Amino acid sequence: MLTEKRSSMLHGVLLIGLFSCAAFYIGEANIFKELSFSPMIIGIVLGMLYANSLRNHLPETWVPGIQFCSKKLLRLGIILYGFRLTFQDIVNVGVAGILVDTVVVVVTILGGVYVGKLLKMDRDIALLTSIGSGICGAAAVLGAESTIQTKPYKTAVAVATVVIFGTISMFIYPIAYRSGLLHLTPDEMGIYAGATLHEVAHTVGAGNAMGTEISNVAIIVKMIRVMLLVPVLLSLGYWVAAQARNSSATATKGKVAIPWFALGFLGVIAFNSLNLLPSNVIDIINYIDTFLLTMAMVALGAETSIDKFKKAGAKPFILAFILYVWLLAGGWALSRYVAPLFL
């Protein structure tokens with residue numbers, strides 16, 4: 001019986017693996033490379049296509065394998081994401097980048113949750129959308145999803161908002177900078193891009209379009225933003241425990257659900273900062289990590305039907321737009337007037 005259960009679970013994992021391979025293959029197309037669409041983004045789209053077509057025609061015994069990918073592999077992927085970062089990145093960009101990043105992340109998340117309340121929208125979707133907009137797009141949404149254990153369709157909705165507005169910015173930023181509309185120096189523009197663009201891929205795409213000088217600063221500032229995912233997830237763990245404690249005194253008895261994968265993520269960053277592994281090994285790890293995160297995205301998409309998107313309504317996109325305006329205007333003001341004080 002146990003062997004049969006494991007076999008069925010393996011079928012689900014292999015199904016998600018095949019979709020992930022397809023996402024990597026599709027991602028090699030020039031149009032997706034030019035748009036800086038990572039396999040993760042393509043993966044969630046493929047998963048949603050599956051959810052709205054073949055999902056009801058496959059055995060339910062495969063579902064545990066799909067859930068394994070959206071939970072366990074997701075956490076492993078977040079931990080390995082740390083190999084993209086080092087503490088030296090913080091030193092290289094200095095106080096200006098750290099300060100702007102911190103203000104952007106705190107205001108975006110807290111402001112987003114508050115606006116979500118005003119809009120009377122689903123709390124989890126508001127939180128995921130705010131964290132995705134404030135930190136690093138889909139990867140941040142996935143990390144938060146693992147901490148609050150919400151429904152997959154809510155995660156998919158939040159990721160969709162991040163992809164839409166992040167992609168728009170990736171094209172707007174280079175045009176606005178080259179036209180002189182932003183009135184920012186290369187260092188200020190690098191901080192602005194890194195502190196406000198949603199995805200790492202968006203930052204790379206926009207940075208490369210504006211030149212190496214801006215790109216280098218933008219990517220480092222973006223990586224510092226990614227590091228802020230750790231304290232955010234730890235704080236989120238305490239918040240989840242407090243909410244559970246308030247709603248049911250016997251449910252958790254006040255225990256804090258620490259997102260251990262966040263600490264693992266931090267530990268990997270610390271190890272990577274020692275520069276003990278050769279660059280080619282790091283490249284291989286990062287490739288494997290992207291594949292694991294793509295599998296997680298496919299699995300989340302596989303649990304998301306169009307009906308669930310309709311259930312979420314337009315409010316998540318309204319919230320994402322409000323946060324987008326804040327990132328454009330607030331991020332520019334911070335980069336233009338605050339960052340120069342510390343450069």
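In this predicted model, Tyr-173 is buried, with a relative accessible area of 2%. Tyr-192 is likewise classed as buried, at 3% relative accessibility. The two tyrosines form an aromatic pair of the stacked kind, with 4.9 Å from centre to centre and 5° between the planes. Tyr-173 belongs to helix H8 (residues 152-178) and Tyr-192 to helix H9 (residues 186-196), so their contact ties together parts that are 19 residues apart in sequence.

A pair of aromatic rings is described by two quantities, the distance of the centres and the angle of the planes. Under the pairing rule applied here, the count of aromatic pairs is eight. One of these pairs joins Phe-83 and Phe-271: the ring centres are 6.2 Å apart and the planes stand at 85°, so the arrangement is edge-to-face, because planes over 60 degrees apart are assigned to that class. Phe-83 is located in the loop between helix H4 (63-80) and helix H5 (88-118), whereas Phe-271 is located in helix H13 (residues 260-273); the pair therefore ties together parts that are 188 residues apart in sequence.

The two phenylalanines fall into separate accessibility classes. Phe-83 has a relative accessible area of 11% and is buried, because the limit for that class is under 20%. Phe-271, with a relative accessible area of 33%, is partly exposed.

Conventions
Residues numbered from 1 in each chain as written. Predicted model: local features only at pLDDT ≥ 70, side-chain atom pairs only at ≥ 80, totals over all residues. Heavy atoms only, no water. Phe/Tyr/Trp six-rings, centres within 6.5 Å; stacked < 30°, edge-to-face > 60°. Helix = DSSP H or I, 4+ residues; strand = E, 2+ residues; numbered from the N terminus. Buried < 20%, exposed > 50% of the residue type's maximum accessible area, 1.4 Å probe, protein only.
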